[in-house]
Amino acid sequence: MPSPITLYLRTAAQIPKSSTSRTLLFARAFSSTRPRHEINKVYPSAAEAIKDMQGNSTLLCGGFGLCGVPDTLINEVKASPHIKGLTAVSNNAGVVGSGLGLLLESKQVSKMIASYVGENKLFEGQYLNGEIELELSPQGTLAERCRAGGAGIPAFYTPAAFGTVVQTGELPVKHNTDGTVKEYSKPRDVKVFDGKSYVMEESIKGDYAFVKAWKADRLGNCMFRYAAANFNGAMARNAKMTIVEAEHIVEPGEIDPAAVHIPGIYVKRVIKSTTEKKIEKVVNAKTPEELKQGALGSGDAASKRERIVRRAAKEFKNGMYANLGIGMPMLAPSFVDPSVEVQLQSENGILGLGPYPQKGLEDPDLINAGKETVTLLPGAACFGSDESFGMIRAGRIDLTILGAMQVSAKGDLANWMLPGKIKGFGGAMDLVSNPTKTKVVVTMEHTDKKGRPKILKQCEFPLTGRACVSRIITELAVFDVDFTNGLTLIEHAEGVTVDEIKSKTEAPFTVADDLKPMQL
């Protein structure tokens, strides 16, 4: 009988040299002759893969919300109570009863480094009671700190968070048992490049990384699926011991070389994932009428929000790349004229974001930055969080629309924290870090629930960014913002007078010579 190599030579002549089929045929022919000491990083179980894991280590954990989370490995750590004192690095802290929330519940984590913890009330309680430390980092900064650590870069400068509590070192890291602050964060070094201020951030170095992949082979090559890439790639490249749990373990060659997202050189161990994927927020497609009845609220509140959203939709111009914050900004595309084509970017790693899915067609690997189920448009691209924030900081995004708690007369933005509430920055600090290239539009109600103005001379809440907002849209008015000269009223809602707007706006403003009714 002819040898596998002879069969290859006979068959290969009939297949084009550039064909993937020829490559796979070659791999299979020669794999049958490979020696017994082949490379094989596949372990029989999660227990075997982490049996020598040490406590008091830094654990990098991929995932965004519940998407792309290595639950099989996390569950095994939960079942290993001797592994404790961990510094866990992840975009978020999971939720109660799932993901890293399990290790918080078992008190195996002593410190959390994250960008957002608002979905986990258990963590919030432990943090405010002094049981756990918290190092909050802007989402793009966190992704880059992980990426840089894996690339041998000890520190870098970023425009995100300049002029905020991150830069000045006023973030509570640890509390006393009575809730008072025991320790604050450290101030950051600032350096000016080309006339712009940048904040120095140190990279993160991981001892272990838990990574969730769609496919992996015995050599450790990995492939992600859609938005499940998120932080997984940056973290996989960082740690001394990277352990991958894969939904499918395949033979070498079954992942096209051009489709390998993590080369095996970074991966030490691979296991089969045995946990079911979960969806944190199922959101389905709605008709315009359903939007009015549901997402926009009801009664007078719905009418106000619809006016804001309809006006925000006018900000989209054909060919734009845009990023939308959660809440009202995400509803704006529903009111965009069909003749306008815009590509929506989501900071968890999607360009070409589509509408919410029809009921029953939800995909746990397709979520937006608000952790809601979404779809992809034809021509969409998916990538890791580190690349996503690279395009954001570099000003590749033409427009970002965000909600706000307060905006100042000079365009300062506060939208991440209310007194007594622990949420986190998410990606907002990065999204507003390059206002000369990315137009920042704020959509919000003109006053808070107590009728107090939200457009102020100076923001009272901690800032997301300084001098970054270009336009403010409320149910009463539209203002343009000049970072030096302040606010100009350019549009007013139907039936709303300039005097009424003045009575509900603390910040002074000028009235445009060509003041118009609000464009809806």
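Q: Which residue in β22 does Ser408 stand opposite?
A: Ser408 stands opposite Leu456 in β22. This is a predicted model, in which local features need pLDDT of at least 70 and side-chain atom pairs count only at pLDDT 80 or more, while totals for chains, interfaces and linings use all residues. Residues are numbered from 1 along each chain as its sequence is written, and side-chain values use heavy atoms, with hydrogens and water left out.

Q: Why are strand β19 and β22 said to pair?
A: Strand β19 (residues 406-408) and β22 run parallel and are joined by two bridges, and they count as paired because the rule asks that DSSP find at least two bridges between two strands. The strands themselves, like the helices, are DSSP runs numbered from the N terminus (helices H or I, at least four residues; strands E, at least two).

Q: What makes β20 and β22 edge strands of their sheet?
A: The open sheet has three strands in the order β20-β19-β22, with mixed pairing. β20 (413-414) and β22 each have a single partner strand, so one side of each is left without a neighbour in the sheet.

Q: Which strands pair with β14 in the parallel sense?
A: Three bridges join strand β14 (residues 321-324) to β15 in the parallel sense, and three bridges likewise join β14 to strand β18 (residues 399-402), again parallel. On the β15 side Ala322 stands opposite Leu344, and on the β18 side Leu324 stands opposite Ile401.

Q: Why is Ser346 called buried?
A: Ser346 lies in strand β15 (residues 343-346). Its relative accessibility is 3%, and buried means under 20% relative accessible area, with exposed over 50% and partly exposed in between (1.4 Å probe, protein chains only), so Ser346 counts as buried. Leaving aside neighbours within four places in sequence, Ser346 is in contact (heavy atoms within 4.5 Å) with Asn323, Leu353, Asn368, Ala369 and Ser388.

Q: Which residues have the most contacts inside the largest nonpolar core, and what makes a set of residues such a core?
A: A nonpolar core is a set of buried Ala, Val, Leu, Ile, Met, Phe, Trp, Tyr and Cys residues joined through side-chain atoms within 4.5 Å. The largest one has 63 residues, and those with the most contacts inside it are Phe316, Leu413, Val469, Ile472 and Phe479. Not counting residues up to four places away in sequence, Phe479 touches several residues, among them Ile455, Ile472, Leu487, Leu489, Ile501 and Phe509. A second, separate core of 39 residues includes Val77, Tyr127, Ala161 and Phe210. In soluble globular proteins, nonpolar side chains tend to be buried together.

Q: Why do Glu144 and Arg393 count as a salt bridge?
A: Their side chains meet at 3.7 Å, N to O, and a salt bridge requires a side-chain nitrogen of Lys or Arg within 4 Å of a carboxyl oxygen of Asp or Glu, so the pair qualifies. The pair links distant parts of the chain, Glu144 being in helix α7 (residues 139-150) and Arg393 in helix α13 (residues 385-393), 249 residues apart. Both Glu144 and Arg393 are buried.

Q: How many salt bridges does this rule give, and which residues are linked in a network of them?
A: The count comes to 26 salt bridges, and Arg311, Glu315, Lys439, Arg471, Asp480 and Glu491 are linked in a network.

Q: Why is Arg452 called partly exposed?
A: Arg452 has a relative accessibility of 47% and therefore counts as partly exposed. Its salt-bridge partner is Asp448, the closest N and O atoms being 2.8 Å apart, and Asp448 is also partly exposed, with a relative accessible area of 25%.

Q: Is Lys107 buried or exposed, and what is its phi?
A: Lys107 has a relative accessibility of 55%, so it counts as exposed. Its phi is positive, about 60°, although Lys107 is not a glycine, and Lys107 is found in the loop between α5 (101-105) and β3 (109-114).

Q: Is Asn230 buried or exposed, and where is its place?
A: Asn230 is buried, with a relative accessible area of 1%, and its place is in the loop between β11 (222-223) and α9 (232-236). Asn230 is not a glycine either, yet its phi is positive, about 25°.
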